[in-house]
Each structure stands twice: as C-alpha cells, then as structure tokens.
Amino acid sequence: MKTHHLAKQNSILNKFLAELRDVSIQKDSMRFRRNIERIGEVLAYELSKELNYETKEITTPLGTKKGELPANNIVLCSILRAGLPLHNGMLNYFDDVENAFISAYRHHPNNDEEFEIVVEYFASPSIDGKTLLLVDPMLATGRSMVEVYEGIKKYGTPKEIIIASVIGSVEGVEYVAKHLPESTTLWIADIDEKLNDKGYIVPGLGDAGDLAYGAKL
C-alpha cells in the first residue's frame with residue numbers, strides 16, 4: 001500500500017489539524033465538523049493530482065480551449081457516522097461522483113475493552129470497475145476499514161481503492177496495508193505513534209463521531 005502522509009510537509013492543513021486536536025476549540029461541534037470538511041477538501045485536492053486525466057475540448061463564448069479533466073469513475077463511500085463531514089469535504093471538490101454509505105461500529109459484547117466491528121448498512125451504486133474512494137476520519141486499529149472492505153467486496157470488484165483519513169495510528173496503517181489489496185493508496189493528514197488500551201489514537205483527538213454529532217448511547 002502506498003501512503004501519502006500530508007502533515008510531513010508544512011501547509012495550512014496543520015492549522016486545521018491543530019484546531020481538531022485542541023480540547024478548547026473542539027468543543028465547538030460546528031467548527032469541528034467544518035475543520036474535518038476542510039481537511040477533506042485538502043485531501044481531495046492532493047489525491048486529484050494522481051487521478052487519470054483525459055483531454056477534452058471546452059467551448060467558450062469566444063472560441064474553444066482544450067483542457068485536461070479527471071477521467072476516473074469514482075464512487076465516494078463514507079463510514080457512518082463520523083465520516084460524513086469528511087465525505088462532504090470530498091464532495092465539495094468531486095461534486096459529480098457517485099455516492100455510497102456504509103455503517104460500522106465497535107460492539108462491546110462483554111461491556112469491557114474487547115470489541116468487534118459490526119457492519120450493518122450499505123447503500124451504493126455498482127462499484128465494479130470503478131475507483132472506490134473510502135473515507136473515514138480516524139484510522140485507529142484499522143479493523144473498521146478492513147471489515148468495511150470485506151463487506152463491500154461482496155457487492156463487486158472496484159478497479160482500485162483509495163482511502164482518505166484525517167488521523168491514523170502507525171498500527172492502524174500497518175493493519176490496513178496488510179489486509180487490503182497491495183494496490184490500495186492511502187491519503188492521510190497525520191499519523192500518530194500509538195493506541196491506548198481502549199484502541200483510541202494517542203494523542204489523537206478523541207471520538208470524532210461524538211465531537212461532530214454529540215454523545216451516543
């Protein structure tokens with residue numbers, strides 16, 4: 001798996017990441033969602049540089065002009081619910097793509113730190129032969145992303161897989177690289193060193209879904 005770690009190079013992205021992590025700023029859920037959305041826009045712009053392009057002729061009021069336009073047939077799929085702001089950010093740039101949504105959550109059967117990933121809902125157009133762009137803000141253990149991929153591949157075979165995330169752990173990135181096709185590409189804003197005993201990224205930012213949309217039962 002090829003990984004693009006954007007925070008290695010200084011850019012305005014660092015400001016958005018800092019505000020996501022800051023405990024005083026992230027209390028503003030609207031700003032938290034907007035910062036994830038803005039990071040989605042940055043990720044979309046950066047990954048667009050490696051898409052396929054084709055020459056098309058554009059008619060203007062005064063003539064014609066040839067331009068290079070994206071040629072990938074993209075299905076943008078977000079993991080509910082935390083993936084929605086990131087999905088919106090991507091959609092701001094890839095406004096003509098097809099859209100898919102899948103649910104995945106941690107289930108603690110024994111009410112302890114052990115958990116399993118449950119995938120229940122999937123709504124999507126055909127993904128056969130297309131570019132599947134999977135978005136989830138947090139790539140912690142990597143298990144959710146792998147379980148989502150296992151669930152999706154029952155419905156078709158994409159031409160290629162691109163993953164876009166905001167923050168991941170070294171362990172999560174390695175887990176995804178081990179279990180997804182070798183040709184998968186990961187675009188991620190930042191990668192942190194470790195997980196705590198609950199499987200959350202440290203230093204990370206906390207629970208992205210709760211910070212974006214409120215605490216759940």
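Select helix 1 (residues 13–21) and helix 2 (residues 29–48), whose axes come within 9 Å and cross at roughly 150 degrees. Helix 1 and helix 2 are therefore roughly antiparallel to each other; angles over 145 degrees count as roughly antiparallel, under 35 as roughly parallel, 65 to 115 as roughly perpendicular and the rest as oblique. The model is predicted: local features need pLDDT of at least 70, side-chain atom pairs count only at pLDDT 80 or more, and totals for chains, interfaces and linings use all residues. Residues are numbered from 1 along each chain as its sequence is written, and side-chain values use heavy atoms, with hydrogens and water left out.

Helices and strands here are DSSP runs numbered from the N terminus (H or I, at least four residues, for helices; E, at least two, for strands). Axes are lines fitted to C-alpha atoms, for helices over the stretch in contact, and angles run from 0 to 180 degrees between N-to-C directions.

The crossing of helix 1 and helix 2 is left-handed; that term applies if the near helix is turned anticlockwise from the far one by less than a right angle, and right-handed applies if clockwise. Display the side chains next: Leu13, Lys15, Phe16, Leu17, Glu19 and Leu20 of helix 1 make the contact with Arg31, Phe32, Asn35, Ile36, Arg38, Ile39 and Val42 of helix 2. Contact means heavy atoms within 4.5 Å. By class, this contact of helix 1 with helix 2 has eight nonpolar, one polar and four charged residues. Ala, Val, Leu, Ile, Met, Phe, Trp, Tyr, Cys and Pro count as nonpolar, Asp, Glu, Lys and Arg as charged, and the others, Gly among them, as polar.

On helix 2, the contact residues include Arg33, Ile36, Gly40 and Tyr45, and on helix 3 they include Pro85, Leu86, Met90 and Tyr93. The contact of helix 2 with helix 3 divides into nine nonpolar, four polar and three charged residues.

Move to helix 4 (residues 143–152) and helix 5 (residues 170–179), which pack at an angle of about 25 degrees with their axes 8 Å apart. Helix 4 and helix 5 are therefore roughly parallel to each other, and their crossing is right-handed. Arg143, Met145, Val146 and Tyr149 in helix 4 meet Tyr175, Val176 and His179 in helix 5. By class, five residues of this contact are nonpolar, one is polar and one is charged.

Now select Phe122 and Tyr155. The structure holds one aromatic pair. The ring centres of Phe122 and Tyr155 are 5.1 Å apart and the planes lie at 50 degrees, so the pair is tilted. Rings of Phe, Tyr and Trp (its six-membered ring) pair if their centres lie within 6.5 Å; planes under 30 degrees apart count as stacked, over 60 as edge-to-face and the rest as tilted. Phe122 lies in strand 6 (residues 116–123) and Tyr155 in the loop between helix 4 and strand 9 (160–169), so the pair ties together parts that are 33 residues apart in sequence. Phe122 is partly exposed at 22% relative accessibility, whereas Tyr155 is exposed at 56% relative accessible area. Buried means under 20%, exposed over 50% and partly exposed in between (1.4 Å probe, protein chains only).

Finish at Lys159, in the loop between helix 4 and strand 9. Lys159 is exposed, with a relative accessible area of 62%. Not counting residues up to four places away in sequence, Lys159 touches Gly129 and Lys130. Select Ile74 as well: Lys159 and Ile74 are 85 residues apart in sequence and 9.9 Å apart in space, C-alpha to C-alpha.
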